Amino acid sequence: MSKKILVWFRNDLRLHDNEMLVEAIAKSDAILPVYILDTRQFAETRFGTLKTGNIRAQFLLESVTGLRQSLKQIGGNLLIAIGNPEDLIPQYVQEYDITEVYHHREVAKEETHISSLVENALWKLRVNLKHFIGHTLYNKEDLPFPIKDIPDAFNQFKKKIERDSIIKPCFLAPDRVNVAEVIDWGNIPALADLGLQIQQKDQRSDFEYQGGEAEGLLHLHLVILAMQQAATAKNLVLASKLSAWLAMGCLSPRKVYWEIKKMEGVPNAKAMFNHVLLGLLWRDYFRFMFKKYGDTFFNPDGFGSQGLVDVDNEQENLSKWKNGQTGFAVVDAVMTELNQTGYISNIARQTAALYLINNLEVSWVLGAAYFEEKLIDYNPASNWGNWANVAGVGNDQKTKSVFDLDKNIKNLDPKGNYATTWAS
C-alpha cells in the first residue's frame, strides 16, 4: 500500500524553506497539496469589521495562484476549495486514502482552534495531524530558554537570542513532486465569490503589492539591489516592505535573513541589514509572546488596565478615525493611505493608534480589529501585540511611556508633505 500525505497549506505559501513540504515528499509515494479558503476568514467579526478585507484577500488569491503555478512547474498541482478545513480535510483523507496530514502550527487562538478541530476530526479516522514550525527566524527548540521563561522585554529577548541561538540554513525548494490523482483540482475564486470588491490602485502610492512566492523573491532581490546602491548613499535606510510576503508565508524569514546577510559587508549597507533584521526579530518576539501568554493579548485590559474610554462618543469617534475624518491632518492622512493601499509604515501605525487611544479615547481593541481587516501584511501576533504595547497593556509594562504622539508626527511628517499627499 502506497503512502500518501496531505499537505495542508495555510500561511506558508511557498516551496523554498518549507520543511513540511520537503519531509512530506521524502516520506511518501505521493502528496496531496491542499489550500482551503476558510469562509470564517472572510466573515464579520464581533467588532463589526471584516476578518479579511479586499486588499489582503486579493493578495492572498494571488499568492495561492502563485503556489499552484510553482507546484505545476515541478510536476504537481494544488487542490483548492472553499469551506471549513475540519469538514473538508477528513473527506479528502477518506477519498484519497491519505495516511497522514502535515501542516504548520499557528499561535493565535482562532487559528489554533481550527487546527484542533481538524486534529479531532482526523483522530476519529485514526489519522495523525503532524505539526511543523516555519514562521519564525529562530526555531522554538533552538531558543536558549523554554517558552515560559522568554524575557518579556524585547531588548533582553534580542540580546539573549542573538548571543545564544543560531539561525538554521534554509531547506531547498523541491525540484520534483509526485501528487495524488485528482480529477478536479478546483478553481481559484474571484474576490466577488468572497463577497468583496477589487480595490482600485491609488495613484498617490509609489508601491504596488503582487502576491506570490515569485513576486516575494523578486522584491527581496530589489531590496538587495537597494542595499548595494546604499554603498554610495552612506547608511541609507529604506523601508523593505517585505512584510506582506512574510505574513502570507510567500517568503521565509530565514530566506530573507540569509540573502540580506550576504550584503552585510557592503560599505554603508549595514544600517539596512540591521533594519531588516530588527523587523524579523520583532516578528519572532510577538509570536513567542503569543505562545507564552495566549489569549491575554486580545483582552482590552491585557497585562494591565486600558485607559479612559469615552463610551458615549466611542462609535462616532471610531468612525471618524476609520474614515480619515478626525480633522487632525497627519492621522487622517495615515488612515487614508491605509484604506486605499492596505499598507502604512510602522511609525504611521503607532501614530494612528496613539491618537485613537489617547485623543479620541476609543478602546484599542477596536483599532486593532480595524487594522486586522485593512492591513495587507496582517498577522495576529504582530498586530495585536503592537496595539497592546501602544495602549500600555502589553506584556512588557516598562514600555508604557515610550510612545510619544508629537515625536512620532515629527518623524513621520517633518515638513507636512505626507499630510498634503494623503489628504482625503
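Leucine 218 is partly exposed, with a relative accessible area of 43%, and in this predicted model its place is in helix 6, which covers residues 213-229. Together with Leu222 and Leu225, Leu218 makes a nonpolar surface patch of about 240 Å². Histidine 219 also lies in helix 6, but histidine 219 counts as buried, because its relative accessibility is 10% and the limit for a buried residue is under 20%. Leaving aside neighbours within four places in sequence, histidine 219 is in contact with Phe207, Ser240, Lys241, Leu242 and Trp245.

When residues up to four places away in sequence are not counted, valine 93 touches Ile98, Val101, Leu122, Leu125 and Val127. One of these, leucine 122, stands 29 residues from valine 93 along the chain, and the C-alpha atoms of the two are separated by 8.4 Å.

Helix 14 shows burial across a whole element, since it is mostly covered, with 10 of its 11 residues buried. Among the buried residues of helix 14 are Pro380, Trp384, Trp387 and Val390. What covers them includes helix 4, helix 9 (270-293), helix 10 (314-322), helix 12 (346-359) and helix 13 (364-374).

Charged side chains also join parts of the chain, and the structure holds 22 salt bridges.

| Salt bridge | Closest N to O |
|---|---|
| glutamate 86 and arginine 40 | 2.8 Å |
| arginine 287 and glutamate 106 | 3.5 Å |

Glutamate 86 forms its salt bridge with arginine 40; glutamate 86 lies in helix 3 and arginine 40 in the loop between strand 2 and helix 2, so the pair ties together parts that are 46 residues apart in sequence. Within this pair, glutamate 86 counts as buried at 15% relative accessibility, whereas arginine 40 is partly exposed, with a relative accessible area of 29%.

Arginine 287 forms a salt bridge with glutamate 106, and this pair links distant parts of the chain, with arginine 287 in helix 9 and glutamate 106 in the loop between strand 4 and helix 4, 181 residues apart. Arginine 287 is buried, with a relative accessible area of 10%, and glutamate 106 is buried as well, with a value of 6%.

Arginine 349 counts as buried at 18% relative accessibility, and aspartate 377 counts as buried at 8%. Elsewhere, Glu23, Lys27 and Lys130 are linked in a network of salt bridges.

Empty space can be described too. Rolling a probe the size of a water molecule over the atoms shows where empty space is left. The count comes to 6 cavities of 30 Å³ or more, and about 530 Å³ of space lies in the largest cavity. Of the 29 residues that line the largest cavity, the closest to its centre are Arg10, Asn11, Tyr35, Gln41 and Glu111. The elements that give two or more residues to this lining are strand 1, strand 2 (30-37), helix 2 (54-73), helix 4, helix 7 (243-248) and helix 9.

The second largest pocket holds about 330 Å³ of space, and of the 20 residues that line it, the closest to its centre are Thr45, Lys51, Lys109, Glu110 and Glu372. Helix 4 (109-123) and helix 14 (380-390) are the elements that give two or more residues to the lining of this pocket, with helix 4 giving the most, at 6 residues.

Most residues other than glycine have a negative phi. Aspartate 17, however, has a positive phi near 45°; its place is in the loop between strand 1 (4-9) and helix 1 (19-26), and aspartate 17 counts as buried at 4% relative accessibility. Aspartate 97 has a positive phi near 55° and is placed in the loop between helix 3 and strand 4 (100-104), where aspartate 97 counts as partly exposed at 49% relative accessibility.

Definitions and conventions
Residues are numbered from 1 along each chain as its sequence is written. This is a predicted model: local features need pLDDT of at least 70, side-chain atom pairs count only at pLDDT 80 or more; totals for chains, interfaces and linings use all residues. Side-chain values use heavy atoms; hydrogens and water are left out. Patches are made of residues with over 30% relative accessible area and no salt bridge: like charges are joined within 9 Å, nonpolar side chains (Val, Leu, Ile, Met, Phe, Trp, Tyr) within 5 Å. Accessible areas come from the Shrake-Rupley method with a 1.4 Å probe; for residues, only the protein chains shown count as cover. A salt bridge is a side-chain nitrogen of Lys or Arg within 4 Å of a carboxyl oxygen of Asp or Glu. Helices (H or I, at least four residues) and strands (E, at least two) are DSSP runs, numbered from the N terminus. Buried means under 20% relative accessible area, exposed over 50%, partly exposed in between (1.4 Å probe, protein chains only). Contact means heavy atoms within 4.5 Å. On a 1 Å grid over the protein atoms alone, a cavity is a set of points where a 1.4 Å probe fits but cannot get out, and a pocket is an open set with protein on both sides within 12 Å along at least five of seven lines; lining residues have an atom within 4 Å of a point. Grid points are joined across faces, edges and corners, and a volume is the space filled by probe spheres set on the points.
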